[in-house]
Amino acid sequence: MTDILIEEPAPGVASTQRPGSRVAARRRPPGRNRAWWALLFIGPAGLGLFVFYLWPVVRGIYLSFQEVGPFGGETFAGLDNFITVFQEPDLARSLVNTLLYAGIALLGIPIAMVVAVLLNTRGLRFRGLFRVMFFIPVVTMPVAVALVWRLLLNVDYGVVNLTLESVGLPGVAWLSTPWVNIVILSVIGIWMALGTQIIILTAGLQGIPESILEAAELDGAGPIRRFWSITAPMLSPTTFLLCVLSVIASMQVFDLVYLMIDRVSNPAFAQSKTLVYLFYEKGFIQHDLGAAAAIACILLLIILALSAVQFFLQRKWVHYE
């Protein structure tokens, strides 16, 4: 509770306040106990952030300069882990595959923007149903998604190849052909992330004043013209956010590669690795924790560099007013 201080007249000075008048009061500055209350409320979230996010980063950077034995024990190794990683024959191909996946995944943002605009059309029936249908892949477990798509893309009895053969086209080894399988995984990644992007873009569309669109319509601007001249520029901050999030998530792709590209039977496995899969292979199969930590540090630097480039380029195409 806030303490109230009553000003009393000095000795020998008659009080100018009359009975019943408001007593002059001033507030004391808040006590230190309020800081403890604030710390109590933000403490659990801050502790979780430190334990599950900040500490693993610090620990990973530390291990990248250590040689870790199979049964524990750490010895300073300097840059040996990084030298080993850069001499890895699969590193260059893994980096190219990861960047290719991230670049194709960005194509899902304009698709999501068009879908969000269509779903935001006035008078559209079953709008909620369409949004649920687009959002179902987001809440579906990646294992289930991968198993379903493996059945659909199977060379012998997959629905996709059977459809192609029914119209006279040859079937394709979608998951066993280098480069083709990365493109297919990217398309599946777009499909999985489309629901989240549509929801975020729909929230951005709610911030565009209807008066501006109505004024443009009265001036004779058609739907396409209104989209390019009004909707797209005013959605640019939301689009920029999705670009940053999409690149960060795509650079960490692992589950689709692990679940859809078979390590034993797929002949294109060696050409289909990503950086995170290479990290998994070094750390959990070869048990080289130092090299795995070095790969994680390299991936962190690449993500930071790509994010910095995006923040630099956003000055030219993102409009905040």
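Predicted model: local features only at pLDDT ≥ 70, side-chain atom pairs only at ≥ 80, totals over all residues.

Student: Nice. What volume does the largest pocket have?
Tutor: Its volume comes to about 800 Å³.

Student: And which residues lie nearest its centre?
Tutor: Those are Val57, Gln252, Ala296, Leu299 and Leu300, out of 25 residues that line the pocket.

Student: Which helix gives the most to that lining?
Tutor: α14 does, with eleven residues. Helices supplying at least two lining residues each include α1 (33-63), α13 (275-285) and α14 (289-317).

Student: Let's stay with α13 and α14. How do their axes cross?
Tutor: The two axes come within 7 Å and cross at roughly 165°. An angle over 145 degrees counts as roughly antiparallel, so that is how α13 and α14 run relative to each other. Their crossing is left-handed.

Student: Which residues meet there?
Tutor: From α13 you have Leu275, Val276, Leu278, Phe279, Lys282 and Gly283. On the α14 side they meet Leu289, Ala291, Ala292, Ile295, Ala296, Leu299 and Ile302. By class, this contact has eleven nonpolar residues, one polar and one charged. Ala296 and Leu299 are also among the residues nearest the centre of the largest pocket.

Student: Switching topic: what about α3 and α8, at what angle do they cross?
Tutor: Helix α3 (residues 91-105) and helix α8 (residues 180-205) have axes that come within 9 Å and cross at roughly 40°. α3 and α8 are therefore oblique to each other.

Student: Is that crossing left-handed or right-handed?
Tutor: α3 passes α8 in a right-handed crossing.

Student: Who's touching whom in that pair, α3 and α8?
Tutor: Asn97, Leu100, Tyr101, Ile104 and Ala105 of α3 meet Ile182, Val183, Leu185, Ser186, Gly189 and Ile190 of α8. That contact divides into eight nonpolar residues, three polar and no charged.

Notes: Residues numbered from 1 in each chain as written. Heavy atoms only, no water. 1 Å grid on protein atoms, 1.4 Å probe; cavity = no way out; pocket = protein on both sides within 12 Å on 5 of 7 lines; lining within 4 Å. Points joined across faces, edges and corners; volume = space filled by probe spheres on them. Helix = DSSP H or I, 4+ residues; strand = E, 2+ residues; numbered from the N terminus. Axes fitted to C-alpha atoms, helices over the stretch in contact; angles between N-to-C directions. Parallel < 35°, antiparallel > 145°, perpendicular 65-115°, else oblique. Left-handed = near helix turned anticlockwise from the far one by under 90°. Contact = heavy atoms within 4.5 Å. Nonpolar A, V, L, I, M, F, W, Y, C, P; charged D, E, K, R; others polar.
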